[in-house]
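Hi,

Here is the structure I said I would pass on to you. Have a look at it first, and then read on for what turned up.

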Amino acid sequence: MATFLYRLGRLAFRRRWYVALVWAGVLACVGLGALKAPGTTDQEFSMPGIESQKAFDLMEERFPGAAADGATARVVFVAPDGQKVTATDNREAVEEAVNSLASGSQVAGVADPFESQAVSKDGSTAYATVTYKVKSEEVTDASRAAVEEAADQAREAGLTVEAGGSAMDSGGSPGGVAEIIGISVAAVVLLITFGSMAAAGLPLLTAIIGVAITMFTITLLGSALGLSTSTGTLAMMLGLAVGIDYALFVVSRYREERAKGHSPQEAAGLAVGTAGSAVVFAGLTVVIALAGLAVVGIPMLTKMGLAAAGAVMVAVLIALTIVPALLGFWPNAVLPRTARKGVKRARKAGVRTRTLLVRRVVAGKKTVTGRTVLSGEAVPGKHRAKVSNGLSDAEAPKDNLGTRWARFVLRRPLPVLILGVLGLGALALPATGLQLGMPGDEAKSTATTERRAYDALAEGFGPGFNGPLTIVVDAKGATDAKAAVSAISEKIADTKGVVSVAQPHFNEAGDTAVFSATPSTSPTDAKTMTLVKTIRAERSATEAAVDGATFEVTGTTALNIDIATKVQGALIPYLITIVGLAVVLLLVVFRSLLVPLKAAFGFLLSVLAALGAVVAVFQEGHGASLLGVEQTGPIMSMMPIFLVGIVFGLAMDYEVFLVSRMRESYVHGESAREAVVSGFRHSARVVVAAALIMVAVFAGFIGESDSMIKMIGFGLATAVLFDAFVVRMALVPAILSLLGDKAWWLPKWLDRLLPHVDIEGETLNRRPAEHEAEALPPQDPVRAGV
C-alpha cells in the first residue's frame, strides 16, 4: 500500500499538468451535466415493510389518480378577539379568499370551511383545505405565492390568516451561511497551524473542488435516483469536513519530510505513501459506516448514506492526487516562512544543492535518511558527530505541546482514564430518556407561517387536530361494505384517546373506505403513540365483529411512529455491523488485537455522550434558545442512526491518523511509551487542527432552518469535540500507557491470516539509496528542497 501510494504521489507531482487537466475535465463534465439536469427532488418518503406504508400503497391502488401523500395546504382564518368567523363580514372575506385559492392552475379543489364543517366550536377559527394535482415537491413558487395573495386579501378584512401543509414547504437548499462560517473558521485554524497562506489555502481549495464535483454529480443524478435536497446537504457537510482534513494531513506530512531534507518530489511521494495510507484507511471506515446505513432498510436513508460515502471517496482521491500535483506547482509555497527565506537566499546565491545520505541502524535494520546541504558546504563537526551516532540534525527530536501533554498523561494514566470515562458517562445520561419521533411544523420557528398555522389549529380544534390518524378499510371481502366500515368507525370512535372520527370516503368500486380519527393529544405526544398501538392491538377483536373487512392505521402521525419503531429495532444490528467491519479493518491496519477494541470502546463513549447532549438540548430544552430551537420534543427518528454512522467513521479517522504514527514509531524500534510520545509529537497539532475544522464545519449547520440538519450539525460537532479532545487526546494515550507492549500484541495464528498492509511506510525506509537523491541541474538550486 505505502509503496503504491508513494509512486502515485511522485507521479502526480511529476505529471501535475495532466492531473490538473483530468480533474478539471471531470469538474467541467459533471458541472455542465448538472446545469442541464432536472436536479434533486423531495420525493415521497417510503419505508417498505411497515403498516403505514402498506396502507399508503393500498390507497394508491384503490383510489387511482389521488396520491395518498399528495400536496395539500391548510389556510387558517382566525377572527379578531371577541368576533367569530361566521359573522357576515368575516364570512365574506373567507369565501372570497377560498374563491381566489381555487383559481390556481395546479389546484385540484378547495374545501369551503362553512360547507365542510371546518369551523371550531367557539366559531373563532376556520380552515380551508387546498388539494393539488401534483405532489408536494412539484408545487411551484407561483402556486405558493397565490396562497399568500389570497391570505393577504383576508388579512385586509381584519382576519389573522396563516398557511401550512406539505404544499407550503419549499424545502431546504444546500449552500449558504453554514458553509461560509465553516470555511472561514477552517481558514483561520489552518493559518494558525501552518503559518502560511498557501499551506492554509491548499486544503481549502482541494476540499471545495471535491465538494463541487460531489454536488454537481448529485444534481446530475438527483432526478434519476430520487435524491433529495437533504441528501446533498449531508454530502456537502461531510465532503467539506473530511476534504479539508485529508488534505491537511498530506500537506503536514509533506512539510515534515521537507524539513528532513527530502526533495519536493520525494517529500510528496513520502507524504502520500505514509499520511496517504492513513487517509485511505480512514476514508474506508467512513465509507463503511455510511454505506452500512442500507442495513436499516429505509430507501431515503440508504441514498443519503451512499451519497455522503461518495463525497468521502472523492475527498480521498483528491488528497492522493490533486494535493501532490498542486505541491508540484508551488513546492516551496507551503513551507514555513524561515524555510522559504532559505530557498530565496539559495536562489539569489545561485548555489546548487545536493543530498547528504546518512545510513543509520534502527532495530537491526539499515535505513536511509537524507539531509540537504549546499554544494561545497562543509559538513559541520556537530553534524559529523551526529552522523557517526546514526542521527542527522533533522532527526533530532524536539518537544512541543503535544509531547508535553503526552508525557503528562503517561505519568497519570489511571486518573486521566477514570476522569475521562466518568465525564463522558455523565454527559451520556440524558440519552437514557431518548424519545424518537418526526417533528413537523411545531418544530419550526414562530416566524414561519407554517408554525403559526399549526398553533392556531391546535388552539381552535385541539392539539390532536394537527396529527389525525388515517384509517384505511379494505371491505372487498365483506358482504356489506358500508355496514362493515360503519362498525369499524364506531369501534375506533369509542377508543379512549380518540376525540372524533370523520365520515368515511369510499372509492368508486365501493370496496375501500378512508376516514380520519382525531386524537386528543399532539402528534409527538407519547400518548398518541400509545393510542396507535392500542387501536392496532384491538384490531383482531374489531375485525372479528365484521365479516371479511380489515383495516390499517396510517397517516403522517402513524408513519412517524412506525419509522421510530423500525429505526430503534435496526440500531443494534447496524451498530454491530459497522463496528465489526471496522474492527477487522483496524486489525489489518495496526496488526493489534487490543487497539481496535480500544478504538470501538472510545467511539461508544463519544457517541453516547453526543447523543446525551442532543437529548439534553433538543428534547429537554437545556440551552435550546441559544441554538434557535423553537420547540423541544422527540429526537428525530433517524438522528441516532446518522449520529452512530457518521461519528463512527470520523472517530476512526482520528484513531488512524494518531495511532498510525505511534505504530510507525513502535515498529521502527521505539518503546511502547516512547511511541506514544512520538505519535503526539508528529500528529497532535494536526489532529487538533483537523478536529477544530470539523467542529466548525458541523457547527455552521446549526443555523440551518431544516430541523434535521440543525440536529445533525449539533450532534456531529459535539461528537467530534468529545472524540478528538477527550477520547483520542486523553483516553488513548492513557490506555496505551497502561497496556504497554501488550497494546501491539497479535496472536501468531491471526498474524498469518491477516493480509500485510504497510501503512507505516516501513517499505519506504528500505528503498535503495539512489531513490533518495534527485538529479539536480545546475540552474535549479531549489529542486532538492532547501
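Let's start with a pair of residues: Arg 62 is buried, and Asp 474 is buried too. One thing to keep in mind throughout is that this is a predicted model. The side chains of Arg 62 and Asp 474 meet in a salt bridge, at 3.0 Å from N to O. This pair links distant parts of the chain, with Arg 62 in helix H3 (residues 51–62) and Asp 474 in strand E8, 412 residues apart.

Are Glu 61 and Arg 62 buried or exposed? Glu 61 has a relative accessible area of 55%, so it counts as exposed, since the cut-off for that is over 50%. Arg 62 comes out at 13%, and because buried means under 20%, it falls in the buried group.

Now follow Asp 474 back to its strand, E8 (residues 469–474). How much of E8 is buried? The count is 6 of the 6 residues, so the strand is largely enclosed by the rest of the structure. In a regular strand the side chains alternate between the two faces of the sheet. In E8 both faces are covered: Leu 469, Ile 471 and Val 473 are buried on one side, and Thr 470, Val 472 and Asp 474 are buried on the other.

Which strands does E8 pair with? One is strand E11 (residues 512–519), which runs antiparallel to E8 and is joined to it by 6 bridges. There, Val 472 has Val 514 of E11 as its bridge partner. Another is strand E12 (residues 550–554), paired with E8 in the antiparallel sense over 5 bridges.

If you carry on past E11, you get to Ser 522, which is in the loop between E11 and helix H17 (526–537). Ser 522 has a relative accessible area of 18%, so it is buried by the under 20% cut-off. What does it touch? Leaving out residues up to four places away in sequence, Ser 522 touches Tyr 454, Pro 463, Gly 464 and Thr 528.

Next, find the open sheet made of 4 strands, in the order E2-E3-E1-E4, with antiparallel pairing. Strand E2 (107–111) and strand E4 (160–164) stand at the edges with a single partner strand each, so one side of each has no neighbour in the sheet. On average, neighbouring strands of this sheet are turned by 20° against each other, ignoring direction. Ala 73, for instance, has Val 130 in E3 as its bridge partner.

Helix H5 (residues 141–156) lies across E1, E3 and E4, and runs at about 160° to E4. Helix H15 (residues 449–461) also lies across E1, E3 and E4, but runs at about 110° to E4.

On to the surface. Leu 414, Ile 418, Leu 422 and Leu 738 form a nonpolar patch there, with about 390 Å² of accessible area together. Which helix gives the most to this patch? That is helix H14 (residues 413–428), with 3 residues. Leu 422 is found in H14, and its relative accessible area of 58% is over 50%, so it counts as exposed.

Back to charges for a moment. The total comes to 19 salt bridges. One of them joins Arg 728 to Asp 723, with the closest N and O atoms 2.9 Å apart. Arg 728 and Asp 723 are both buried. Elsewhere, salt bridges that share partners join Arg 253, Glu 256, Glu 257, Lys 260 and Arg 661 into one network.

Finally, the whole chain. How many helices and strands does it have? There are 24 helices and 13 strands. Of its 786 residues, 54% count as buried. Among contacts between residues at least 6 apart in sequence, 78% join residues at least 24 apart. The accessible surface is about 32800 Å², and 60% of that belongs to carbon and sulfur atoms.

Cheers

Terms used:
Residues numbered from 1 in each chain as written. Predicted model: local features only at pLDDT ≥ 70, side-chain atom pairs only at ≥ 80, totals over all residues. Heavy atoms only, no water. Buried < 20%, exposed > 50% of the residue type's maximum accessible area, 1.4 Å probe, protein only. Helix = DSSP H or I, 4+ residues; strand = E, 2+ residues; numbered from the N terminus. Pairing = 2+ DSSP bridges. Axes fitted to C-alpha atoms, helices over the stretch in contact; angles between N-to-C directions. Contact = heavy atoms within 4.5 Å. Patch = residues over 30% accessible without salt bridge, like charges linked within 9 Å, V, L, I, M, F, W, Y side chains within 5 Å. Areas by Shrake-Rupley, 256 points an atom, 1.4 Å probe, with all protein chains shown as cover. Salt bridge = Lys/Arg side-chain N within 4 Å of Asp/Glu carboxyl O.
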